[in-house]
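Me: Please take a close look at one part of this structure, namely the aromatic rings and the nonpolar core. I would like one connected account.

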Amino acid sequence: MDHLFRPLQAGELHLPNRILMAPLTRCRAEDGHVPGPLMAEYYAQRASAGLIIAEATMAMEGHSAFWREPGIYNDAQIAGWRAVTDAVHAAGGRIALQIWHGGRACHPDLNDGREAVAPSAIAITNDQVYTPKGKVDYTMPRALDDAELPGIVAGFAQAARNAKAAGFDGVEVHGANGYLLDEFLRDGSNLRTGPYGGALENRARLLLEVLDAVCGVWGAGRVGLRVSPLNSYNDMRDSDPEGLTAWLAQRLNDYGLAYWHVMRSDFLGQQHGDVLRIAREGFKGVLIGNMGYSAQEADAAIASGALDAVSFGVPFLANPDLPARFRTGAALNAPDQATFYSQGAKGYTDYPTLAQTQSPALA
């Protein structure tokens with residue numbers, strides 16, 4: 001599997017291999033959405049990834065969707081993340097921060113009563129959200145006024161500046177999985193009229209404005225974008241996901257991004273299409289594939305030119321030394337799903353490395 005281990009120049013990011021760690025929400029932030037020492041240990045353990053893309057992080061206060069996810073909007077959070085990036089860099093790694101607005105997936109119980117917002121007043125109806133009161137239904141979001149959107153763009157720009165202050169190597173704009181930017185992008189959740197609704201170029205306007213602002217902070221060569229044209233998670237749908245992908249591929253060529261990170265399928269299996277092929281045909285930059293790859297399939301996709309790199313989620317969650325396991329063909333640790341979103345070290349920092357598995361005394 002030599003192709004997985006070839007270095008990659010992704011914009012201004014020099015990656016020593018093409019085995020990337022996908023962003024994984026783990027709900028281990030301390031009070032106030034502050035990253036703590038446990039998060040620093042977790043990410044440093046995974047520093048052998050070509051690039052760590054850290055979990056969805058609140059760009060602005062008041063849009064929590066996971067109860068204990070981290071933020072990047074105040075000094076305490078910046079300091080907490082600085083400890084994380086220092087630990088990753090000390091271990092020889094590279095790390096980018098995924099900046100995010102939860103949109104209609106937020107809940108008043110997580111945000112001191114503040115209502116959720118969205119492009120249109122359409123609630124998530126096929127799931128519930130975890131809160132301090134237990135699992136509860138999502139609420140009806142308030143449709144944002146056009147006049148509010150420059151403030152959201154400014155919030156992403158400030159988050160990008162804060163990520164730089166925290167020592168990250170770059171940032172990834174979260175435009176996937178049914179959160180705010182994705183809600184604007186897809187026509188199943190955006191029923192607006194006016195400059196941010198209707199035609200695809202209007203639905204994409206907020207996403208592109210955010211990219212413009214974030215690239216203005218970092219330079220495009222240290223900015224990535226993640227999208228999920230097919231994913232129906234969070235009650236999402238688009239009438240033409242392949243057309244959306246083709247349009248984005250051409251439009252994103254104008255940016256010179258470090259990479260475009262595309263989720264190839266649907267968590268729930270409801271929508272189908274060959275979006276990665278379409279993305280590769282149209283996009284001239286570094287393309288990262290995600291969702292359900294084995295090491296062998298990932299290497300073959302890179303060898304064929306279909307992708308430039310692959311990000312791995314759950315395999316990295318359970319295998320802090322995933323590249324070493326891929327290189328040697330070693331068995332992978334089984335993930336403990338009961339601890340994906342729990343608290344503490346169990347199922348977070350206690351998965352053994354290959355060396356510890358072979359020499360239990362080292363564990």
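Reply: In this predicted model, ring pairs join Tyr42, Tyr43, Trp81, Phe168 and Tyr348 into a cluster. The structure holds 11 aromatic pairs. A pair of aromatic rings is described by the distance of the centres and the angle of the planes. For tyrosine 43 and tryptophan 81, the ring centres are 6.2 Å apart and the planes stand at 45°, so the pair is tilted. This pair links distant parts of the chain, since tyrosine 43 belongs to helix α1 (residues 37–45) and tryptophan 81 to helix α2 (residues 75–90), 38 residues apart. Tyrosine 43 and tryptophan 81 are both buried.

In soluble globular proteins, nonpolar side chains tend to be buried together. The largest nonpolar core has 88 residues, of which Tyr43, Trp81, Val214, Leu252 and Trp260 touch the most other members. Helix α6 (residues 205–218) gives the most to this core, with 9 residues. Another core, of 15 residues, lies apart from it and includes Cys27, Ala105, Ile124 and Val136. Leaving aside neighbours within four places in sequence, leucine 252 is in contact with Leu208, Leu211, Leu225, Leu257, Trp260 and Phe283.

Aromatic rings also meet charged groups. The charged end of arginine 264 sits over the ring of tyrosine 293, 3.7 Å from the ring centre. Likewise, the charged end of arginine 327 sits over the ring of phenylalanine 5, 3.8 Å from the ring centre. Phenylalanine 5 is also one of the residues in contact with asparagine 17, and asparagine 17 counts as buried at 7% relative accessibility.

Terms used:
Residues numbered from 1 in each chain as written. Predicted model: local features only at pLDDT ≥ 70, side-chain atom pairs only at ≥ 80, totals over all residues. Heavy atoms only, no water. Buried < 20%, exposed > 50% of the residue type's maximum accessible area, 1.4 Å probe, protein only. Contact = heavy atoms within 4.5 Å. Core = buried A, V, L, I, M, F, W, Y, C linked by side-chain atoms within 4.5 Å. Helix = DSSP H or I, 4+ residues; strand = E, 2+ residues; numbered from the N terminus. Phe/Tyr/Trp six-rings, centres within 6.5 Å; stacked < 30°, edge-to-face > 60°. Lys NZ or Arg CZ within 6 Å of the ring centre and 35° of its normal.
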